[in-house]
Amino acid sequence: MRIGIIGAGAIAHFLLQHLNEQRVGDLVVTSVLVRNREKYEPLVDKYQVALYTDVTAFLDSGVDIVVEAADIQAVEELVPTVLVKKPIVVISVGALAYEPLLTQLLTLAEQHQHALHLPSGAIGGLDLIQNAAVLGTMTNVSLTTRKPAYSLLDEEISEAKVIFKGTAREAIKLYPKNMNVSIVLALASLGFEQTTVTLIADPEIMQNIHQIKVIGDFGEVTIEVKNNPLPANPKTSYLAAMSIIGTLKRLNSMLIIGG
């Protein structure tokens with residue numbers, strides 16, 4: 001499978017390293033879309049990829065699927081164009097909290113039969129949560145996220161501090177680089193307004209800890225994930241980067257587990 005990546009930051013480098021250097025099945029990155037070609041020219045020889053600054057040329061380069069690994073702005077500006085020609089894996093899911101954009105992307109995906117894939121990111125159990133929501137009997141969904149204080153606050157604190165409590169939509173608006181988890185969870189369950197989020201800055205931890213609680217007629221589910229940060233970017237979770245590769249691998253798999 002030939003993969004095109006939008007962006008050349010920490011996640012893009014993670015994918016290039018693992019797919020082009022270490023090889024994972026038949027997955028290979030062949031094209032990278034960047035704003036500044038000169039800045040990223042070293043990627044060409046290091047990973048044997050082609051660089052593009054024009055989205056049309058990028059999409060016409062023979063890629064089978066695109067991975068957005070840039071930012072919310074890239075989702076708003078580029079993903080609609082991509083969906084007309086290719087399926088896409090979107091990482092900056094905070095953009096989808098803006099419902100007119102989400103509606104536009106889903107309409108394009110349906111019209112052109114190109115799927116919009118959202119990796120599970122830093123959490124797990126989304127297949128179970130989607131199954132629990134299928135009959136509309138889910139009543140409560142909450143996410144409590146604890147992160148190292150230094151990744152959230154400029155000042156030092158001596159004990160854990162709740163810095164946000166509200167809806168998933170509010171969470172991603174205030175913390176666009178830290179709360180993608182809340183958007184994926186909301187889309188898998190009760191929606192942006194009915195998913196409650198608590199964000200805690202904790203000076204005693206070095207991991208990101210996500211606890212999900214779901215209640216409904218089926219019973220109760222609690223999921224806790226302790227996640228190390230990506231070494232190249234402490235604001236990105238290791239598991240989130242790995243989930244992209246997992247998503248890509250499953251697209252060609254003849255054994256579908258869960259879902």
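**Entry 1: two helices**

I began with helix α4 (residues 72–85) and helix α5 (residues 99–112), which pack at an angle of about 15° with their axes 8 Å apart. That angle makes α4 roughly parallel to α5, since angles under 35 degrees count as roughly parallel, over 145 as roughly antiparallel, 65 to 115 as roughly perpendicular and the rest as oblique. I noted that axes are lines fitted to C-alpha atoms, for helices over the stretch in contact, and that angles run from 0 to 180 degrees between N-to-C directions. The crossing of α4 and α5 is left-handed; the term means that the near helix is turned anticlockwise from the far one by less than a right angle, and right-handed applies if clockwise.

I then listed the residues that meet: V75, E76, V79, P80, L83 and V84 on the α4 side, and L101, Q104, L105, L108, A109 and H112 on the α5 side. Contact here means heavy atoms within 4.5 Å.

**Entry 2: basis of the notes**

I recorded that this is a predicted model, in which local features need pLDDT of at least 70 and side-chain atom pairs count only at pLDDT 80 or more, while totals for chains, interfaces and linings use all residues. Residues are numbered from 1 along each chain as its sequence is written, and side-chain values use heavy atoms, with hydrogens and water left out. Helices (H or I, at least four residues) and strands (E, at least two) are DSSP runs, numbered from the N terminus.

**Entry 3: the parallel sheet**

I traced an open sheet of six strands, ordered β3-β2-β1-β4-β5-β6, with parallel pairing. At its edges stand β3 (50–52) and β6 (116–117); each has a single partner strand, so one side of each is left without a neighbour in the sheet. Two strands pair if DSSP finds at least two bridges between them. Strand β2 (residues 28–33) is joined to β3 by three bridges, and the partner of L33 in β3 is Y52. Helix α4 lies across β1 (2–6), β2, β4 (65–68) and β5 (88–90), and runs at about 160° to β5.

**Entry 4: the mixed sheet**

I found an open sheet of five strands in the order β8-β9-β7-β10-β11, with mixed pairing. Its edge strands, β8 and β11, each pair on one side only. Strand β7 (residues 138–148) pairs with β10 in the antiparallel sense over eight bridges, and V141 stands opposite V214 in β10. Helix α8 packs on this sheet, touching β7, β9 (195–202) and β10, and its direction makes about 165° with that of β7.

How many bridges join β10 to β11? I counted nine between β10 (residues 208–216) and β11 (residues 219–227), which run antiparallel. H210 has V225 in β11 as its bridge partner, and the two strands form a hairpin with two residues between them.

**Entry 5: aromatic pairs**

Rings of Phe, Tyr and Trp (its six-membered ring) pair if their centres lie within 6.5 Å; planes under 30 degrees apart count as stacked, over 60 as edge-to-face and the rest as tilted. This rule gives three aromatic pairs. One of them is Y52 with F58, edge-to-face at 6.3 Å centre to centre and 65° between the planes. Y52 is partly exposed, with a relative accessible area of 22%, whereas F58 is buried at 0%. Buried means under 20% relative accessible area, exposed over 50%, and partly exposed in between (1.4 Å probe, protein chains only).

F164 and Y175 also form an edge-to-face pair, at 6.3 Å and 70°. F164 lies in strand β8 (residues 161–167) and Y175 in the loop between α7 (168–174) and α8 (180–188), so the pair ties together parts that are 11 residues apart in sequence. Both F164 and Y175 are buried.
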